[in-house]
Amino acid sequence: MFKSYTLIKKLIVSLLTGLLVGLVVGIYQFILPYVTKGSEYMFSNHSWWVILLNIVLIIMLSVLNFFIIKKASSVDSSGIIAINLALRHNEDISFKKEIPLMIINSSISTYAQLPLGSEGPSITLAGKCASFINHLFKIKDDDNIKIAFGAGFGGAFVSPLSGFFYAFEEELHKVNLELILRTLITIIGMGAIIILLNSHHSLSFDYVNYLPITEMYVLFIASLLIVIVAPIFLFTINTFKKFFNKYENNFFVKYRAFIFFIMMIIFGYTIIPYLGGGDKIIDDSLMYQSFYLIVLILVFRIILTSIIGNGKVTGGLIVPSLCFGALIGSLSSLIFEKYFSLDSSYRSFIILASMCLFFAFISEAPITAVVLFFSNLVYSNESFNVFNYSTCFVILFIIAVFFVTKIFNVKPLYDMLVDTQDEFNKHKIVNK
C-alpha cells in the first residue's frame with residue numbers, strides 16, 4: 001500500500017513537472033523568434049537614428065547582462081554547467097529568480113546576435129522547474145530534475161520523443177519501469193503544452209528528398225569530416241574554457257562580455273547572416289555555392305562559439321553545434337554536385353543527416369540523434385512514411401560515429417565542460 005502511494009505521488013510530481021516545463025519552456029521559445037525578428041529589423045535599418053538607437057540599446061543590454069549574471073551566476077552560459085555541478089555535489093538548485101532571469105538574459109543574447117542557442121537554457125529552465133516542484137512537495141528527487149532535462153530538450157526541438165530518450169542517454173544512465181513511467185508522464189505533460197506555444201523546428205526544411213542508396217558515399221564523406229571537425233570543436237571550446245578559468249581575475253577576461261557585445265555591434269552591421277544561434281546558417285546552407293565560403297563560415301563559427309560560449313553571457317551550444325553539421329553536410333553535397341553531378345535536391349537530406357551525425361558525436365546520444373532525424377523528417381515532409389533504405393543507412397552512420405567516440409574515449413560536450421569547471425573549482429579550494 002505504501003509503495004503504491006509513493007509511486008502515485010511520484011507520478012503526480014512528474015505530471016506537474018512536465019506541465020510546468022511545457023509552460024515555461026514554451027513561453028521562452030515563443031518569445032525568442034520575436035526577439036530575433038526585432039534584432040534583424042534594427043540591424044537591417046540603416047537610418048542613422050536607428051543605428052544609434054540600436055548601439056545604445058545593445059550597450060545598455062550588455063550592462064544588464066553583467067548585473068543579471070552577477071545576481072544569478074547559475075544563468076551564466078547555458079546554465080547546464082552550474083545545474084549539473086549542483087547535482088554532482090548534492091547542492092540545492094535555486095529557481096526563484098533564476099527562471100525569469102534566464103529567460104531575460106537569453107533574450108538579450110538573442111537580440112545581440114550572439115552565436116548561442118536556446119536549447120541549453122531550455123534544459124536548465126526545465127531542471128529549475130523540476131526543482132520548484134520538488135520544493136513544493138518538500139522532496140529531494142534528483143531523478144525528477146534529470147527527467148525534466150529531457151523534457152526541456154524535447155521542448156526546445158518540439159520533439160517529445162527525442163526528449164524521452166535524451167533523459168535516459170544523457171542524464172539518468174539507468175532504466176527501470178518506474179523511471180520509464182515517470183519520464184513518459186513528464187514528456188506527455190510537457191508535450192501537451194509545448195505544441196500549443198512553440199511551432200519552431202530548428203532542423204526542419206520545406207521538403208526533404210531522400211538520397212538514393214547509390215549516392216550514400218556522400219554521407220560517408222560527411223561522416224569522415226565530422227569525425228575530424230567535431231573533435232577540433234570540442235578541443236577548442238574546452239581550451240578556451242580552461243584559459244578563461246585560469247585568468248578569471250584578468251580585467252579583460254572578467255569583463256569579456258562587454259567585448260562580446262561590442263563585437264556583435266560590428267559584426268551585426270557587416271556579416272549578420274552568419275551570426276545568431278545558427279538557424280539562419282542552417283537555412284542558408286541549402287543555397288551555398290562556394291567551398292571557400294562554407295569553410296570560412298565553419299572556421300569562423302567554431303572560433304566565435306568557442307569563445308563566446310564560455311560564459312559571462314547566456315545561451316546554449318547544441319544548435320550552434322548543429323549548424324557545424326549543416327555546414328559539413330552542405331560542403332559534402334556541394335562537392336558531389338559540382339564534380340559528380342549529384343542532384344542538388346538531395347542537399348536537405350544530407351544536411352539533416354549531417355546535423356544529427358554531428359549531434360551524435362558531441363553528445364554521445366545516438367538514439368536521441370536517430371529520433372531527432374526521423375521526427376524532423378516527419379515534420380518536413382508532413383508524412384510518417386519515413387522508413388526506407390536511405391534512412392536506415394543514416395541510422396548506420398549515426399551508430400558508426402557513436403562507436404568512434406567510444407573507441408577514442410571522447411567526452412560529450414557538456415560533460416567535458418562540467419568536468420573542466422569542477423576540476424578548476426577543486427583546484428581553487430585546495431589553493432585556498
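Student: How do the residues lining the largest pocket divide into nonpolar, polar and charged?

Tutor: This is a predicted model. The largest pocket has a volume of about 1,000 Å³. It is lined by 43 residues. They divide into 16 nonpolar, 15 polar and twelve charged.

Student: Which residues of that lining are closest to the centre of the largest pocket?

Tutor: Look at the lining of the largest pocket, 43 residues in total. Those closest to the centre are Ile69, Ser73, Asp76, Lys312 and Gln421.

Student: Which helix gives the most to the lining of the largest pocket?

Tutor: Several helices supply at least two residues each, among them helix 2 (48-71), helix 9 (217-246) and helix 18. Helix 10 (251-254) and helix 11 (256-268) are also included. The most, six residues, comes from helix 3.

Student: Which residues of helix 11 are buried?

Tutor: Helix 11 has 13 residues and reaches 18 Å from its first C-alpha to its last, close to the 18 Å expected. Buried means under 20% relative accessible area. In helix 11, that picks out Arg256, Ala257, Phe260, Phe261, Met264, Ile265 and Gly268.

Student: Now the cavities. How much space lies in the largest cavity?

Tutor: The count comes to one cavity of 30 Å³ or more. The space in the largest cavity is about 40 Å³.

Student: Which helix supplies the largest share of the lining of the largest cavity?

Tutor: The lining consists of Tyr166, Glu170, Ile318, Phe359, Ile362, Ser363, Pro412, Leu413 and Tyr414. Helix 7 (160-172), helix 15 (347-363) and helix 18 (413-431) each supply at least two of the lining residues. The largest share is three residues, from helix 15.

Student: How do the residues of that cavity lining divide into nonpolar, polar and charged?

Tutor: Tyr166 and Glu170 are among the lining residues. The lining of the largest cavity divides into seven nonpolar, one polar and one charged.

Student: Is Asn90 buried or exposed?

Tutor: Asn90 lies in the loop between helix 3 and helix 4 (98-111). Its phi is near 55°, a positive value in a residue other than glycine. Most residues other than glycine have a negative phi. The cut-off for exposed is over 50%. Asn90 has 53% relative accessibility, so Asn90 counts as exposed.

Student: Why does Glu382 count as exposed?

Tutor: Glu382 sits in the loop between helix 16 (366-381) and helix 17 (389-407). Glu382 has a positive phi of about 50° although it is not a glycine. Exposed means over 50%. Glu382 counts as exposed because its relative accessibility is 75%.

Definitions and conventions
Residues numbered from 1 in each chain as written. Predicted model: local features only at pLDDT ≥ 70, side-chain atom pairs only at ≥ 80, totals over all residues. Heavy atoms only, no water. 1 Å grid on protein atoms, 1.4 Å probe; cavity = no way out; pocket = protein on both sides within 12 Å on 5 of 7 lines; lining within 4 Å. Points joined across faces, edges and corners; volume = space filled by probe spheres on them. Helix = DSSP H or I, 4+ residues; strand = E, 2+ residues; numbered from the N terminus. Nonpolar A, V, L, I, M, F, W, Y, C, P; charged D, E, K, R; others polar. Expected span 1.5 Å × (residues − 1). Buried < 20%, exposed > 50% of the residue type's maximum accessible area, 1.4 Å probe, protein only.
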